Amino acid sequence: MNLALLAAAATGVQVGATIVASRYVVAEVPPLTLALLRYAIGFLSLLPFVWRPLRAHPWPAGTTRPPARDLLAMAALGVGQFALLIALLNFGLQHIGAASAALIFSLFPLLTLLLAGALGQERLTPGLLAGVVLSIAGVGLSLWPRLASGGAGHWWGEAAVLGSALTGAVCSVLYRPYLRRYPTLPVSALAMGVSVLCLALLALIEHWPQRVVGLAPETWVVVAFIGLSSGAGYFAWLYALKHESPTRVTVFLALNPVTAALLGAALLGEPLDVFLLGALALIALGLWLATRRAR
């Protein structure tokens, strides 16, 4: 497996772990505030590594300085990738368990495949299609008990997580031309920095300065883990997108429900029923099919 796919796999595990951690604190920290803290900490954790090279050569020799329209586009994608995606995911986690949320979020690869194929960025091979379809079947199997019972209750949590996955798919496909044109480091810094500023304004409706002051020490430990892992994970994500196709990268998000299910059972006491275990098996098989190299 090449380095880009290893980075994608690491991101898939990191996403699952942060979903469980977010589920643990989301009752105390509302969605926009948690998203703000997540990426403020992530941005600050990357700053020591990016400040000196960016200060000396923001756009390295041989790289054309981006025009204003490209800077605005990359900033807007950063807001979508961070502010909107994570706010929707955090809202969903207020209503559904970590494992269920992670399984729905694993629709990300299918949505990415459809968008990339529509834009001509992806060749739709039988193995890739089969892998994504199996991933979708796994998500459907995990939701079957609720569907069979008549779907009692609202579906706000599921809809929010699905919207989060759709947002991520759109951003992943639209990012690729800019990542091929410009270095990963300045693109990462620009996208994350702008998203933090946007979240700081949006989270004012949740009175985030007062909430942050009142957080318990144990909550800060979990929030710090979410932020630090997100900073490292996002850089790995962009590196993978720069060197591999969007669908081959995003299909590794199928690792996140496996991680979330195991950690959710161990740390949050969430049950592992036969439907969930079957869903994890289908997703694992789908991941293998979608990432095989064609002969």
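Helix α3 passes helix α8 in a right-handed crossing; a crossing counts as right-handed if the near helix is turned clockwise from the far one by less than a right angle, and as left-handed if anticlockwise. The model is predicted, with local features requiring pLDDT of at least 70 and side-chain atom pairs counted only at pLDDT 80 or more, while totals for chains, interfaces and linings use all residues. Residues are numbered from 1 along each chain as its sequence is written, and side-chain values use heavy atoms, with hydrogens and water left out. Helices are DSSP runs of H or I with at least four residues, numbered from the N terminus.

The axes of α3 and α8 lie 8 Å apart, at an angle of about 60°. Axes are lines fitted to C-alpha atoms, for helices over the stretch in contact, and angles run from 0 to 180 degrees between N-to-C directions. The two helices are therefore oblique to each other (under 35 degrees is roughly parallel, over 145 roughly antiparallel, 65 to 115 roughly perpendicular, and the rest oblique). On the α3 side, the contact (heavy atoms within 4.5 Å) is made by Leu 71, Met 74, Ala 75, Gly 78, Val 79, Phe 82 and Ala 83. The α8 side contributes Val 187, Leu 190, Ala 191, Met 192, Val 194, Ser 195, Cys 198 and Leu 199. By class, 13 of these residues are nonpolar, two are polar and none is charged. Ala, Val, Leu, Ile, Met, Phe, Trp, Tyr, Cys and Pro count as nonpolar, Asp, Glu, Lys and Arg as charged, and the others, Gly among them, as polar.

Helix α3 itself has 26 residues and spans 37 Å from its first C-alpha to its last, close to the expected 38 Å, which is 1.5 Å times one less than the number of residues. A bend of about 30° occurs in α3 at Gly 80, taken as the angle between axes fitted to the seven residues ending there and the seven starting there.

Helix α3 (residues 68-93) also meets α1 (residues 3-25), their axes coming within 9 Å and crossing at roughly 60°. That makes α1 oblique to α3. Ile 19, Ser 22 and Arg 23 of α1 are in contact with Leu 89, Asn 90 and Leu 93 of α3. Three of the contact residues are nonpolar, two polar and one charged.

The axes of α4 (residues 98-105) and α7 (residues 156-181) come within 8 Å and cross at roughly 40°. The crossing of α4 with α7 is right-handed. In α4, Ala 101, Ile 104 and Phe 105 meet Glu 158, Val 161, Leu 162, Ser 164 and Ala 165 of α7.

His 207, in the loop between α8 (184-202) and α9 (208-213), has a phi near 55°, a positive value in a residue other than glycine.
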